[in-house]
Amino acid sequence: MNIDKAEVIVTSPDRNFVTLKLTTDDGLTGLGDATLNGRELAVVSYLRDHVVPLLLGRDAARIEDTWQFLYRSAYWRRGPVTMAAIAAVDTALWDIKGKAAGMPVYQLLGGASRNGLLAYGHASGTTLDELVDSIQHHLAQGYRAIRVQTGVPGLKSIYGISSNATFEANSGVRYDYEPAQRGVRPKEEDWDTRSYLRHVPAVFEAVRNEFGPELPLLHDAHHRLTPIQAARLGKSLEPYDLFWLEDVTPAENQEALRLVRQHTTTPLAIGEIFNTVWDYQQVIREQLIDYVRSAVTHTGGITHLKKILDYASQYQIKSGMHGPTDISPVGMAAAVHLGLAIHNFGIQEYMQHGTKTDQVFQQSFTWKDGFLHPGDQPGLGVELDLDEAGKYPYTQAYLPYNRLADGTVHDW
Ligand code: CS2
Ligand code: MG
């Protein structure tokens, strides 16, 4: 079962997606997600120019060996572009292995450890009324856990707040936030940490008063705080019993979390921009976090993320895999198979893709009563419709960035 064909497919139904499709000489196909939001074509080139020529003729059954070969033979290691490219190959090979065995990928990973994956959705509002409406909308759809993002008085536009009118019109999905915007320049947003820190606890108090103590609530600070500011936020949110507080400090400095940890019992999640187990080495060993945020798509695939999560399990640290709309349905399916199989599953982020995306990618994972299940199709259970994909050519898009009132660029 050798790899006979390797195609890199770029499509932009509701947003840009990069997909690797491998075909074996006995006709099996496998898909892998290689989407790196705002830098998509860098991964396309890495795959097309450097990886595809190495794949042709290789034994498709040798997943671990192919991973080690691509990682070690490049000499230049780690980094989001490399690891997204390796992830796509790895995921496509798991898909093929599942199809060859006639089994869903989660069976190959040890079988189901639970009936389904608790998933959280993104509620947001510029005002409290909008936020409450957005939470109600998510609950009505079946979500049983909610990420809460709020506008901050005095700031024009900030991370995590959906601009509903346009998103709904373009994709058919209401109240979900898609940060990358099509255009030749990134959008500039503004930021003020002191206003944010003053405002957020009052919002959580209002949300708890409205929705009661049971509902799991999450919040994402998106790398914006210093360690001492993060410590204060964690402490001030303790009365509202958060499921987690995410990315409180910039992800490059993992030691920062020591200080945060000393001051608060609010659970911490980090890792959506990490790409290998080495980024997690210290935060897992020192038990500085409670949830691993990585996606299969950005962390070298199922093979490598499973190793990270197995390491984390020794410290009672659980999964909280990244699942925004920039993870394609292929990347989501891979996450759902892995999450069903591992023992230390925590929660799965799940933003719904738009209708055009669902036409390009035929998926068999299901979302019912707030829980995801990968389904029982052999492999990952996702197929790509090439004709549909061909209708939506790549469109340049950038993530926004931030400036403070005096014009300084700040973490976005
Ligand atoms: C976010 C993402 O889902 C999350 O928690 O932080 O929306 C993130 O901003 C995007 O995936 C960036 O591509
Ligand atoms: Mg995040």
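Student: What makes Arg 293 a polar contact of ligand 1?

Tutor: A polar contact is a pair of N or O atoms within 3.5 Å; a polar side-chain atom of Arg 293 lies 3.0 Å from an oxygen atom of ligand 1, so the pair meets that cut-off. In the side chain of Glu 272, an N or O atom is 2.6 Å from a ligand 1 oxygen, and for Arg 147 the distance is 3.3 Å. By the Shrake-Rupley method with a 1.4 Å probe, the protein covers 95% of the 340 Å² of accessible area that ligand 1 has on its own.

Student: How do you know how far to trust such values, and what are the conventions?

Tutor: This is a predicted model, in which local features need pLDDT of at least 70 and side-chain atom pairs count only at pLDDT 80 or more, while totals for chains, interfaces and linings use all residues. Side-chain values use heavy atoms, without hydrogens and water, residues are numbered from 1 along each chain, and chains are lettered from A and ligands numbered from 1 as written. On the pLDDT scale of confidence, from 0 to 100, the chain has a mean of 95, with 96% of its residues at 70 or more.

Student: Why are strand 7 and strand 20 said to stand at the edges?

Tutor: Strands are DSSP runs of E with at least two residues, and two of them pair if DSSP finds at least two bridges between them. The open sheet has the order 7-19-20, and strand 7 and strand 20 each have a single partner strand, so one side of each is left without a neighbour in the sheet. Strand 7 pairs with strand 19 in the parallel sense over three bridges.

How values were computed
pLDDT is the predictor's confidence in each residue, from 0 to 100. Helices (H or I, at least four residues) and strands (E, at least two) are DSSP runs, numbered from the N terminus. A polar contact is a pair of N or O atoms within 3.5 Å; within protein, one must be able to donate a hydrogen and the other to accept it, and residues adjacent in sequence count only if both atoms are side-chain atoms.
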